[in-house]
Amino acid sequence: MTISPALFIGHGSPMNTLEHNGFTNAWRAMGQQMPKPRGLLVVSAHWFFGATAVTAMSRPRTIHDFYGFPRELSEFQYPAPGAPDIAEEVAEAVKPTWCGLDRDQWGLDHGTWSVLAHIYPAANIPVVQLSINALKPLEYHVELGAKLAALRDNGIMVLASGNVVHNLSRVQWNQPDAAFDWAERFDDAVVAQLADSPADILRVTEHPDYELAVPTPDHIIPLLYLAGMAAALGETPEPLIRGYAMGSLSMTCYGVDAALECSEESGAAGLPAHVPPDQTNT
């Protein structure tokens, strides 16, 4: 069996679910060009809590974990099947690290389905979601990513979903496709670090723009899983999509074994104007 790709998707606003723009069109092209996996393991920035767990229900619910967006988005459903057997494979792969099997609590949050709505719109591929353990140091996530690399030999695609640059308090409404200088510098530094040594991805935490680009770690941690997997297999994550939204969001996407050309995109969805950006849970 051919090794399955691994991806990091800069997901941006959940409104990307409903829009056709440069980024969502590129996500759709990805799904059309990549081989269909046996299942998907998604690491989303939005399941960030105090344990390591994987969804293990047969029918995961669609979670609408955001505020202030239109009713149409709150009614969106992504009815992909779950995969209790794949969840058990995940728990086995990371041993001796403990990973709980969540049979009835979580589901698929918008970090997962806003992207999969375009990559696999038929929702016919089994999906399990891995939590981000908020109590662990950053090194833990790189190491866990390395342990997950073996799953890709068994037809499981790993998809990490977050944003390399994610500072909602600095959003600029009148700059839909632009980026602050500090956002571009940090985003470029991450590209360079992954090209040079994904095993040393945590060097980017020493970058002078890190605190502005990453005021909270939840959205960059999914990238650490891709870096860990790549390091374990001697791979180099390649940028697949470059672009920005509203000054302080990077929409950059990466892949390994994806065999896709990098593109520059624009037109990412915005945020609701009547809710403070940092209270939307984007």
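What covers the buried residues of helix 1? The points below take this up, then move on to other parts of the model.

1. Basis. The model is predicted, so local features need pLDDT of at least 70 and side-chain atom pairs count only at pLDDT 80 or more, while totals for chains, interfaces and linings use all residues. Residues are numbered from 1 along each chain as its sequence is written, and side-chain values use heavy atoms, with hydrogens and water left out.

2. Helix 1, cover. The cover of its buried residues includes strand 1 (6–10), helix 4 (110–119), strand 7 (238–242), strand 8 (244–245) and strand 10 (253–256). Helices (H or I, at least four residues) and strands (E, at least two) are DSSP runs, numbered from the N terminus. Contact means heavy atoms within 4.5 Å. The buried residues of helix 1 are Gly-22, Phe-23, Thr-24, Ala-26, Trp-27, Met-30 and Gly-31. Buried means under 20% relative accessible area, exposed over 50%, and partly exposed in between (1.4 Å probe, protein chains only).

3. Helix 1, geometry. Helix 1 has 12 residues (22–33) and should span 16 Å at 1.5 Å a residue. The expected span is 1.5 Å times one less than the number of residues. The end C-alpha atoms of helix 1 are 17 Å apart, which agrees. At the start of the helix, a side-chain oxygen of Asn-21 comes to within 3.0 Å of the backbone nitrogen of Phe-23. A polar contact is a pair of N or O atoms within 3.5 Å; within protein, one must be able to donate a hydrogen and the other to accept it, and residues adjacent in sequence count only if both atoms are side-chain atoms.

4. Helix 1 against helix 4. Two packed helices are described by the angle between their axes and the distance between the axes. Here the axes come within 7 Å and cross at roughly 65°. Axes are lines fitted to C-alpha atoms, for helices over the stretch in contact, and angles run from 0 to 180 degrees between N-to-C directions. Thr-24, Trp-27, Arg-28 and Gly-31 of helix 1 meet Ser-114, Val-115, Ala-117, His-118 and Ile-119 of helix 4. By class, this contact has four nonpolar, four polar and one charged residues. Ala, Val, Leu, Ile, Met, Phe, Trp, Tyr, Cys and Pro count as nonpolar, Asp, Glu, Lys and Arg as charged, and the others, Gly among them, as polar.

5. Aromatic pairs. Rings of Phe, Tyr and Trp (its six-membered ring) pair if their centres lie within 6.5 Å; planes under 30 degrees apart count as stacked, over 60 as edge-to-face and the rest as tilted. The count comes to eight aromatic pairs. Phe-66 and Trp-113 have ring centres 6.1 Å apart and planes at 70°, so the pair is edge-to-face. Phe-66 sits in the loop between strand 3 (53–55) and helix 2 (71–74), and Trp-113 in helix 4, 47 residues apart. Phe-76 and Trp-113 are stacked, at 5.2 Å centre to centre and 25° between the planes. Phe-76 lies in the loop between helix 2 and helix 3 (84–93), so its pair with Trp-113 in helix 4 ties together parts 37 residues apart in sequence. Phe-66 and Trp-113 are buried, and Phe-76 is buried too. Ring pairs link Phe-66, Phe-69, Phe-76 and Trp-113 into a cluster.

6. Thr-280. This residue is in the segment after strand 11 (263–264). At 0% relative accessibility, Thr-280 counts as buried. Its side chain reaches the backbone oxygen of Pro-277 at 2.7 Å. Residues that Thr-280 touches include Phe-66 and Phe-69.

7. Val-158. Val-158 is in strand 6 (residues 156–162). Its relative accessibility is 1%, so Val-158 counts as buried. Val-158 and Ala-6 are 152 residues apart in sequence, yet 4.8 Å apart in space, C-alpha to C-alpha. Met-229 is among the residues that Val-158 touches.

8. Helix 8. Of its 12 residues, 10 are buried, so helix 8 is largely enclosed by the rest of the structure. Met-229 is one of the buried residues. Gly-234 follows helix 8 and has a positive phi, near 65°.

9. Thr-252. Thr-252 lies in the loop between strand 9 (249–250) and strand 10. At 0% relative accessibility, Thr-252 counts as buried. Its side chain makes polar contacts with the side chains of Asp-187, at 2.6 Å, and Ser-250, at 3.0 Å.

Definitions and conventions: Lists of a residue's contacts leave out its neighbours within four places in sequence.
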